[in-house]
Amino acid sequence: MSAAERATVFAETMTGTVRLRGEDADRPIRADLTVRCGTLMLPHRTTPARATGRVRIAGRADDTRAAGTLEISPLARRRIHYRITFSLDGRPCVLEGWKSIGLRRPLASLTVLPFTLTREGSPDPVGTGVLRFRTTTALGPFLASMRFPRRDEARAAWAPRSTGTPGRTEVWYTTATDPATGTGLWLHHEVVTPAGSGSPYAHGWAAVFPGKGADPVVHARFGPVPWPPEPSGGFTAAGVEAVPGRLRGTAGPLSWDLTEECGDDGPLYTFPRWSWRRPLLPAAQIVPSPRAHYTGVVRHGPDRLELRRAPGASARIYGHGNARRWAWLHADLGGGDVLEVVAAVSMRPGLDRLPPLVFLRLRKDGRVWPRGGLRSAIGWAGRGRFRADLGLPEWTVTGRAGRRRVTVRVTQHADRTLELGYTDPDGSPATCRNSETADARVVLERRGRGGWRTEAEWTLDGTAHAEVGDR
Amino acid sequence: MSSTAVRGLVAALLADEGGGWPAAVPDRVGRLLASMPAPARHGFTAAAAAVDACATARTGRRLARLTPAERETVLTRLAGLPGAAALLDVVKVPVLLAAGTERMLHAGAAAPPPAAPEDPPLDCVPSAHWPDRSRADAVVIGSGASGAVAARTLARAGLRVLVLEEGRRHSTAEFGRRAPLDRFAELYRDGGATVALGAPPLLIPTGRAVGGTTVVNSGTCYRTPDHVLARWRSRSGLHDLADATAFGARLDEVERMLRVAVQPLDVLGRNGTLALAGARELGWRAGPLRRNAPGCRGSCQCVVGCPAGAKQSVQLSVLPEACAAGARIVTEASVRRILTEPDRPGGPVACGVAVRRPDGTELEILSPLVVVAAGALQSPLLLRRSGLGRHPRIGRNLAVHPATSVAGRFAEPVDDGGPAVLQSAGVEELHGDGILIEATAPPPGMGSFVLPGVGRELRYELEQSGRLATFGAMIADRPGGRVLGRERGVLRYDLHPRDARRLLRSVRAMGELLLAAGAEEVLTGVPAAPGARTLVELDAILADVTVRRLHLSAFHPTGTVALGADAATAPAHPDGRLRGVRGVYVADASGLPSCPEVNPQLSIMAVALTVAQAAGASVSG
């Protein structure tokens, strides 16, 4: 495995003191950072990295959305440079400093980070201090957090998976919410290779969900047309295109032309990562662009919806067909956090008697929880699995892993929900009820000495993307 | 507190008979030694111990316990020995420094300090108050003549400039309050005891303060001679930099910055007027020097900081303009190394500097542009510490102005207590032969002239020193020095035989000048033959004297990171870029390709102006 194919991820916690301007005493400061390098971190090279996390200064700052960059070059430049922007007294502040690596005191130079705090645009420091990486307490978690994941290119995840095997369905779908009007958008592109002798065909639909049910949901289908596609790296059929960075097409009175800016967080594997590479499960879903932004125009007859960096996501599904019963949620929680939930009951004999298997992935502060891909679905041999209570207009998912537990409550108002018929590769029908303007409430709790405490709480008012299906 | 041996030696040298100003000299010597580098300090202490041991061996008692007469006997006998005489001559230097100061204080000769004008504002921050990590658009290492010009040029180009200075800021008011010797020890690197090893060894004093050596120079401003510029063009390929017209325009600008003008005669002092009188008598070309000291009041303390604020050292003239344009000065900041990024495409790139504070802690400043202006003796060390000293010519090509002094005893007091300019008149008759004579009368003990004799004889000379006129001559040398090492550095300078002949010739010329001006006796400073009353006597003395017997100093070190078109011989490009790294510019005296043959402040500043403009253009372009 070459360095180019691996990324590096680690978490680093540093503590220290800072002297703010105008004060005559030091304050404690703590930085909990998750650092991601796009390549394998090699000590003799210079590796640029992104850092996200939390910066706290006692009594003055506690920003869980601190973000910035690192330049890791312990040998080549003898420097590990940090530049983190966080909120101090409600205003952006830049923490900049570097560990200066020296051979005389290698440990101290690798662990001591002198820094200066400045306001954006002003060179005068608002504070100076020193952060230290405490080897006694922080080295263990640091080493345990070190990961060298394969580099997952969103672009690669868009490529068609279908190899002509009968009885497969493959989906590219994109959902977005216009921040100006609250309007939800759903673009669904699907390739079905029928079970038996039929030829693969492509079809799909687009739907616009006016905000808060101001108007009825509008939707229109395109296709079916024969597949295979032209080589484009994504879905291209019937004049509709869904390729990395670009979505455009026409379906009845609806037409759209959007560009996608996917964030650099990397794909979110709702199902275990291996299940996407090796299709052993009945179906698997992946979100190549979990925090994307869409810019462009959606036309509906005379109406025109201008999207300007509308937050949303693009996802992919590949498998044998739809589940017996299922629910799906995509929730952009803001600040870089995102929640993806799929709860499904399989069509396979035997598996169809099980309660819904819940695949829940919460990316918070740059880290995904639960860590194991199957943890939420099957727990420890069934014990401790996450539970779903599927229904309409409200469905819930609850679960606990490690010292955290989550409660997700989704509400799909009938007037903002679109009911559509699906057809499996084997021809059997299913019904989906989708809302791109759903409400959701997510509560994340952490267990400490005093019992459960709320760690984070999100309420999405008309900006959640959800779906419930059955037969 | 000085040791018994040192106290005994001082008492013997100055014929201390108890009481009076000599009693305070040992302690002052002790304080002076404390500011000197360890080798000089230990050398002096060892010499004092050796003299003390001789006294003990001869009399059974230590030097300090002998009576004045016994001390005189011991010392006179010792001075009669060939090797010991030379040793005593070296030992006399710090003692005379301290004695001169004490005598001046005792006599109340120190005129009340002139009302010091308020210095122009500078944005100075001690390194202790500077953050450990910071950024700048450009870092200038050194705040002397070249650093100030570079900072001013870059700041006016809109860059955020930080000037890093190893010394601290000294105000004009402070110069007025403190005794010259107290300032001397602090204003000079190594307490003024920087020595270039060689035969003979040379004392090379350099300043260390905000303003660099311009704080302690004599303020003499010569424009770069045309033949020097022509040599830089033809031999070093500096066709653009040393273009006569362009360089002349830069010299004009520098002169405007420094308010250079011919020194008026009203405060010139007798030392200068005697030089002019002697030259007039001989028909030699001479005149008052051009100086950057408008309104000079003749305090005669240029070499320890002008207490009147008249001398336009760069901390009073150029640096305020740099600060007004946004530059900041970090003082007491010793730059340890230039930081580089060796893994950049296209080769290493400078990215900042690491700086040591007086308490030993370090700070770092990131900057894409680093201007080296640490002086010709320090810049090579800095580059070597930074791993940038691989060019074989870095540290070589050291040119200085070897200099010697001659005094003339006059019937009338020369130092009449009135105003006098320290370096007042220039005699350029022999400049074509590489000899520039300047009438130079530094504060007691601070010149390169060493009074002859020991004991009572030395005491007499000291008491009569007010009747001495002192001239100095400096030689345009062939670069023969090297700066060795990485940290403190060792200087090596081999005087070229041609330059040795020039020095001896300059001694004769100064003697001739003094005699023409009416001197009763010319004091050569040579221990074996201290005085001559006629030119014939002087010639007879000089016929037996080699250059090793002279007391030599050297000034104006240049050329250790020379600019030039030939990559094999010049470590820096003609526009100042250091070869082998991007983002480092050499703007100081080390960039001068060869000896400028005159007091070099204007030349250095004009070169710095050119280099800084190129550096600024490289960033903005």
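This is a predicted model: local features need pLDDT of at least 70, side-chain atom pairs count only at pLDDT 80 or more; totals for chains, interfaces and linings use all residues.
## Basis

Residues are numbered from 1 along each chain as its sequence is written, and chains are lettered from A in the order in which they are written.

## Interface of chains A and B

In chain B, 17 residues are in contact with 19 residues of chain A (contact means heavy atoms within 4.5 Å). The two chains bury about 1,300 Å² between them, 47% of it on carbon and sulfur atoms; buried area is the accessible area (1.4 Å probe) that two parts lose on being put together, summed over both.

The rule finds 4 salt bridges across this interface (a side-chain nitrogen of Lys or Arg within 4 Å of a carboxyl oxygen of Asp or Glu). In one salt bridge, A:Arg77 pairs with B:Asp343, with the closest N and O atoms 2.7 Å apart. Both residues belong to a network of salt bridges that also links A:Glu71, A:Arg79, B:Glu341 and B:Arg344.

## Helix H9 of chain B

Helix H9 of chain B spans residues 226–236; helices are DSSP runs (H or I, at least four residues), as are strands (E, at least two), numbered from the N terminus. Its buried residues are B:Val228, B:Leu229, B:Arg231, B:Trp232 and B:Ser236. The face turned away from the buried side carries the exposed residues B:Asp226 and B:Ser234. Buried means under 20% relative accessible area, exposed over 50%, and partly exposed in between (1.4 Å probe, protein chains only).

## A buried loop residue

B:Ala441 lies in the loop between strand S17 (435–440) and helix H14 (456–463) of chain B. B:Ala441 is buried, with a relative accessible area of 17%. Beyond its neighbours within four places in sequence, B:Ala441 is in contact with B:Asn271, B:Cys300 and B:Leu422.

## Salt bridges within chains

Over all chains the structure holds 69 salt bridges. One of them joins B:Arg28 and B:Asp182 (3.1 Å, N to O). B:Arg28 lies in helix H2 and B:Asp182 in helix H8 of chain B, so the pair ties together parts that are 154 residues apart in sequence. B:Arg28 counts as buried at 7% relative accessibility, and B:Asp182 as partly exposed at 28%.

Key: Side-chain values use heavy atoms; hydrogens and water are left out.
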